[in-house]
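The questions below go through one structure, its sheets, helices and cores.

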Amino acid sequence: MKLAVVGASGRMGLAVVRLAVDSGDVSIVGAADAPGSAHLGRDAGEIAGVGHVGTVLTSELDDALLGAEVCIDFTAKAATPRIATAVARAKVAWVCGTTGLDAAEQAKLDEAAKVVPVLHAANMSLGVQVLAEIVREAVKKLGSAFDVEIVEAHHKKKADAPSGTAKRLADAVKEGRSGLREVNGRAGLVGARKDDELAILAIRGGDVIGDHTVHLLGDGERLELTHRATSRDLFARGALRAARFLVGKPAGRYGIPDVLA
Ligand code: NAD
C-alpha cells in the first residue's frame, strides 16, 4: 500500500508512521505537516524513531500526495477543507481521523467523496464501535426509566470538547431512544434533571489517551459501560486497517462499520 501521512509529526501521525513501517507492506510515499512544523525537511521515519524511509516531511500537501493510493490524516479541523481539495485533485483515498469537524467541514468531506473514497471516524478502534452497539441496545432495553449521561476524559492538549467519540456514543444513545436533547456540562442553578436530557461532560488533564463511560442511571441500580484507550497505537492500527479497506473502493463516504462488515 502506497501511503501518505498528513500531520506526520503529530502524536497520531508518528504512531501511524511507526506502525506502517513495522507492518512491512506499506510504503510511506508522502509525509505532510503544517507550514510551521519544526520537523519540515527531515525524514518521516527518523522523526518517528523507526529509521530512514526516504520520505521527507513537507508542508506541500500536493507533493506529499503524489504517487499515494491513500492518505491518513490526523491533523486539525482547520486543515480539513485544504485536504479535501487536495485528495480530490490527486485522486487519493482519504482516511480522516481528525475530530471536532463542523457541518461546513463535513460538507467538504462529502464533496471529496464525490471523487474519491473517504472514511471519517472520530474513533478508529474496534472496541468503541462495539461499545456503541452495546449502548444502543442497552438504552433500548432499559427504556426511559434510566437516565443516560456520558463522561469522557482526555489529555490536557486535546483541542476539542466534547470528544468526537463522546458525540458518536451520544448518537448511539439517540438511536436507542428518541427525543433526547444533548446538554454539554452543567453550571449554576440548573434545577432538577429533565427527562429528555443527555449530558456529556468532558474532563481534561495529564496524559489520558481517551476514556469514555456511558452511565445508565436507574432507581436502585446503575450500569457504567466504559472504554479506555491505553495506547495511541490502537487508533493508528485502526486507521491503517481502514486505509487498506479503502484502496480500490468506489468514491463515496465510508465508516468503521463498513471496514468491520
Ligand atoms: P497533534 O496536535 O499531536 O498533531 C496534529 C498534527 O497535524 C501536528 O503535527 C500539526 O502540525 C499537523 N497539522 C495541523 N494543521 C495541518 C495542516 N494544515 N496540514 C498538515 N498538517 C497539519 O494532535 P493528535 O493528538 O495527533 O490529534 C490529531 C487529531 O486526531 C485531533 O483532531 C484528534 O482529536 C484526532 N484523534 C482522532 C482519533 C481517532 O481515532 N479518530 C484518535 C486520536 C486523535
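Buried means under 20% relative accessible area, exposed over 50% and partly exposed in between, with a 1.4 Å probe and protein chains only. This is a predicted model, in which local features need pLDDT of at least 70 and side-chain atom pairs count only at pLDDT 80 or more, while totals for chains, interfaces and linings use all residues. Residues are numbered from 1 along each chain as its sequence is written, and side-chain values use heavy atoms, with hydrogens and water left out.

Q: Is Ser27 buried, exposed or partly exposed?
A: Ser27 is placed in strand β2, residues 27–32; helices (H or I, at least four residues) and strands (E, at least two) are DSSP runs numbered from the N terminus. Contact means heavy atoms within 4.5 Å, and Ser27 touches Met1, Lys2 and Leu3, not counting residues up to four places away in sequence. Its relative accessibility is 40%, so Ser27 counts as partly exposed.

Q: Which strands stand at the edges of the seven-strand sheet, each with a single partner strand?
A: Two strands pair if DSSP finds at least two bridges between them. The open sheet has parallel pairing and the order β3-β2-β1-β4-β5-β6-β12. One side of each edge strand is left without a neighbour in the sheet, because each has a single partner strand; these strands are β3 (57–58) and β12 (252–254).

Q: Which residue in β4 stands opposite Val5?
A: Strand β1 (residues 2–6) and strand β4 (residues 70–73) run parallel and are joined by four bridges. In β4, the residue opposite Val5 is Ile72.

Q: What angle does the direction of helix α8 make with that of β5?
A: Axes are lines fitted to C-alpha atoms, for helices over the stretch in contact, and angles run from 0 to 180 degrees between N-to-C directions. Helix α4 (residues 80–90) lies across β1, β4 and β5 (93–96), at about 160 degrees to β5. Helix α8 (residues 233–246) packs on the sheet and touches β1, β4, β5, β6 (117–120) and β12, and its angle with β5 is about 155 degrees.

Q: Which element gives the most residues to the largest nonpolar core?
A: A nonpolar core is a set of buried Ala, Val, Leu, Ile, Met, Phe, Trp, Tyr and Cys residues joined through side-chain atoms within 4.5 Å. The largest has 37 residues, of which Leu3, Ile72, Val95, Leu119 and Met124 touch the most other members. With eight residues, the element that gives the most is α8.

Q: Is Lys91 buried or exposed?
A: Lys91 lies in the loop between α4 and β5. Its phi is near 55 degrees, a positive value in a residue other than glycine. With a relative accessible area of 57%, Lys91 is exposed.

Q: What is omega of the cis peptide bond that joins Ala161 and Pro162?
A: Pro162 lies in the loop between β7 (147–154) and α7 (164–176). For its cis bond with Ala161, omega is about -10 degrees.

Q: Which strands stand at the edges of the five-strand sheet?
A: This open sheet has mixed pairing and the order β8-β9-β7-β10-β11. Each edge strand has a single partner strand, so one side of each is left without a neighbour in the sheet; the two are β8 and β11 (222–229).

Q: Which residue in β9 is the bridge partner of Glu182?
A: Strand β8 (residues 181–184) and β9 are paired in the parallel sense over four bridges. The bridge partner of Glu182 in β9 is Leu198.
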